[in-house]
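Reader: I'd like to learn how to read a model like this one, feature by feature. Could you walk me through it?

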Amino acid sequence: MSDLYRSAISARLAKLPLDPPSSNEEDEENDAEEETDSLGDLPGSGMGPPAMPRGFHPIKRQPNPPNPAYAPIPGSSFFDSASQVAVPSRGLDFRVYYTPPKYSEGTVMICHHGAGYSGLSFACLAKEVKDLSNGELGVLALDARRHGKTMPDTLEDDDLSIDTLVSDFSELVQAMFSDPEKAPSLLLVGHSMGGSVMVRAVPLLQDKKYRITGVTVLDVVEGSAIEALPYMHNLLNARPDGFDSIEEAVEWHVSTNTIRNPNSARISIPTIFKHVPNAFKPYQWRTPLRSTAPYWTSWFSGLSKSFLEARTARLLVLAGTDRLDRELMIGQMQGKFQMEVVPGVGHMLQEDDPTRLAEILVEFWKRNERVVIGVKKVGEL
C-alpha cells in the first residue's frame, strides 16, 4: 500500500465525526421507503465507510427530532416502474426498477450497485439518461441478494460470493428477457462490487446469445481494492451502528461526504436500512458490511483480467486519476478500453454527479451500439 493511499485513508478517518447526528422516525412501507440505499464507499476500494466504536452507550439520551431537510424523496418519479421479479432457481424475489426504451428492440442499460447499496443509487442517473437519450436508452436497476428489497424465497441469501452474484444477475436477465432474439441489446453498468459482477456476466450472457453493447465499471480497480482490504475493518469501526431516523442516516451520509448530492441521498439511503423496534438505534444497516468480509477478496481478484478480456466495448469511469493497476495501465496504453475521469466527485460518482455520468454513458452507447449486430442505430424506427 502506497504512502499516498495510506494517507488518504487516514485523512478520511480524521474527517469522520466522533458522534453521528441523531433524530427519530417510524418505518414506512410506501414509496418514501424506496428513496435511499447507500453505504458510503472508500474511493477506489469498492467498499463502504466506517462505524462508531462499539461497546459504550449512554444509559439515557434524548434523540434529536428528524431534520426535514433530509426527509426521504420517493423514487417513483425516477423510473417508470418498481416491481418484484421471482427467480425460483435462485430462491430470490428481486426488486427491479425499470424504464424501458422507447423502441422495443432498443438498448437497456442495466445497473448493478456496490456493496451495501441498492438499485436506487442509480435513480438520478436513470432520469438523466432518459432525458439525454430522448427515451431511446432504457434503464434497469436491481437490488442484489441481501440488499434493498430483494428477498429470499425458500432458500437462504447469505452467500455473497462473486460466482453467486454473477449467477443471480445472469438468471434475472433471463427471467426478464426470456428470448435473446427478441431481447433488447444490453449495456451493462456496475458500480464497485457491481462492476465485478457485470464484467464476469458478459461471457455468460453472450453464450446465451444476448447482445451486449458494452460494459462499464464505475470507480473500482482491482489493485486499489485488494490493497485496501486489510484496512477495511478499521474504516468500518468508524461507522455508526445505526440511527434514530432515516433523516439522520441521510444527514450522516451527506455530512461525511459519503454522498455529495443531498437530493440523491434522500432517494437512495432509505432502502439500505431496516427498522428494528426497541433497538438502541432503531434504523440499522440492511447489509452490515462487516458481515460481507468473507467475500471481499472474491469480488475483486481477477477483475482487471476479466475486464480486459470482455468481448465487447469497455469503459472505466473513475473519480480520480491515480488508481490504475499495472494490468490496466498496459491495457490503456494499448487502447483496449475507454477511460473517463469525473472531477469533483467521491466514490458514489453516479449519485454525486449523475448529469456528467449520464453524458459519458449516453455517448458511449451511441458510439458502440451501432456495431452490435442486429441492433438499430440511434434514431431508427
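Reader: Let's start with a backbone detail. In which loop is R146 found?

Author: R146 is found in the loop between β4 and β5 (151-152). Helices (H or I, at least four residues) and strands (E, at least two) are DSSP runs here, numbered from the N terminus. Before going on, a word on the ground rules: this is a predicted model, so local features need pLDDT of at least 70 and side-chain atom pairs count only at pLDDT 80 or more, while totals for chains, interfaces and linings use all residues. Residues are numbered from 1 along each chain as its sequence is written, and side-chain values use heavy atoms, with hydrogens and water left out.

Reader: And how do I read phi there?

Author: Most residues other than glycine have a negative phi, and most peptide bonds are trans. R146 has a positive phi, near 60 degrees. N278 has a positive phi of about 70 degrees and is not a glycine either; N278 sits in the loop between β9 (273-275) and β10 (283-285).

Reader: Are R146 and N278 buried or exposed?

Author: Buried means under 20% relative accessible area, exposed over 50%, and partly exposed in between (1.4 Å probe, protein chains only). R146 comes out at 13%, so R146 counts as buried. N278 is at 82%, so N278 is exposed.

Reader: What does the protein look like as a whole?

Author: It has 13 helices and twelve strands. Of its 381 residues, 58% are buried. The accessible surface is about 15,400 Å², and 51% of that belongs to carbon and sulfur atoms; the areas come from the Shrake-Rupley method with a 1.4 Å probe, and for residues only the protein chains shown count as cover. As for contacts (heavy atoms within 4.5 Å), take those between residues at least 6 apart in sequence: 80% of them join residues at least 24 apart.

Reader: Which residues touch the most other members of the largest nonpolar core?

Author: A nonpolar core is a set of buried Ala, Val, Leu, Ile, Met, Phe, Trp, Tyr and Cys residues joined through side-chain atoms within 4.5 Å. The largest one has 55 residues, and I110, F169, L186, L188, W299, F307 and L316 touch the most other members. Helix α4 (residues 193-207) gives the largest share of this core, seven residues. Another core lies apart from it, with 33 residues, among them L120, A141, A358 and V362. For a look inside the largest one, pick L188: beyond its neighbours within four places in sequence, L188 is in contact with residues including I110, F169, M198 and V202.

Reader: How do I read the packing of one helix?

Author: An α-helix has 3.6 residues a turn, so residues three or four places apart point the same way. In helix α2 (residues 123-132), the buried residues are A123, C124, L125, A126 and V129. They pack against β3 (107-112), β4 (137-142), α8 (262-268), α12 (349-352) and α13 (354-368).

Reader: How many aromatic pairs does a search of the whole structure find?

Author: A pair of aromatic rings is described by the distance of the centres and the angle of the planes. Rings of Phe, Tyr and Trp (its six-membered ring) pair if their centres lie within 6.5 Å; planes under 30 degrees apart count as stacked, over 60 as edge-to-face and the rest as tilted. The search finds nine pairs. In one of them, the rings of F307 and F337 have centres 5.4 Å apart and planes at 65 degrees, so this pair is edge-to-face. F307 is in helix α10 (residues 303-309) and F337 is in the loop between α11 (326-333) and β12 (338-341), 30 residues apart. Both are buried. Elsewhere, ring pairs link F243, W252, F273 and W285 into a cluster.

Reader: Which residues does UniProt list for "active site"?

Author: The unreviewed UniProt entry lists S192, D219 and H347. Its positions are given in the numbering used here, feature names are shortened, and annotations may be inferred rather than shown by experiment. The three span 156 residues in sequence, yet no two of their C-alpha atoms are more than 8.6 Å apart, so they gather at one spot. S192 lies in the loop between β6 (185-191) and α4, and D219 in the loop between β7 (212-218) and α5 (222-228). S192 is buried, at 0% relative accessible area, and D219 is buried at 0% too.
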